[in-house]
Amino acid sequence: MSFSSLQLHSSLLQAIAEAGYTEPTPIQQAAIPLVLTGQDVIGIAQTGTGKTAAFTLPILTRLLESGVGTGIKVLVLAPTRELAVQIEDNVRAYAQHTKVTMATVFGGVGERPQMAALRKGVDVVIACPGRLLDLMQQG
């Protein structure tokens, strides 16, 4: 099986190829088709098996097909800022050939830049719950 057989958006396939990925991992093979059809998925796999790509690649495909630039359409919640940053890095790499915009929101750093990014409008928000709730309460 190849990434192209999974019906991902062509701009994502370009980024995948540039990253050197040749074949989807088992978690990606199982999850991507389900997420593309809008199904909820719970997946368990070892570290380093591509779980982030398993959910973000089909989400980005759906986002690109529905249109970007119309406000927040994707919210990814992460339990720690380290994981939020890791997810952001991956999503930025996968979406590098697209117009997808994103903001990452987590505590332990100044909130003003995060607020400014959200005010500008983004397609994807990757957030830790605590900071996200704080910012929502502030409007």
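Modeller: Helices are DSSP runs of H or I with at least four residues, and strands are runs of E with at least two, both numbered from the N terminus. This is a predicted model, in which local features need pLDDT of at least 70 and side-chain atom pairs count only at pLDDT 80 or more, while totals for chains, interfaces and linings use all residues. Residues are numbered from 1 along each chain as its sequence is written, and side-chain values use heavy atoms, leaving out hydrogens and water.

Colleague: Which element supplies the largest share of the lining of the largest pocket?

Modeller: A pocket is an open set of points on a 1 Å grid over the protein atoms alone where a 1.4 Å probe fits, with protein on both sides within 12 Å along at least five of seven lines, and its lining residues have an atom within 4 Å of a point. In the largest pocket, at least two lining residues come from each of α2 (26-36), α3 (51-66), β1 (74-77) and α4 (81-94). The largest share, 8 residues, belongs to α3.

Colleague: Which residues lie nearest the centre of the largest pocket?

Modeller: Helix α3 runs over 51-66 and contributes at least two residues to this lining. Of the 37 residues that line the largest pocket, those nearest its centre are K51, T52, A53, A54 and F55.

Colleague: How many residues does α5 give to the lining of the second largest pocket?

Modeller: The lining of the second largest pocket includes M115, L118, R119, L132 and L135. Both α5 (112-120) and α6 (129-137) supply at least two of its residues. Helix α5 gives the most to this lining, and its contribution is 3 residues.
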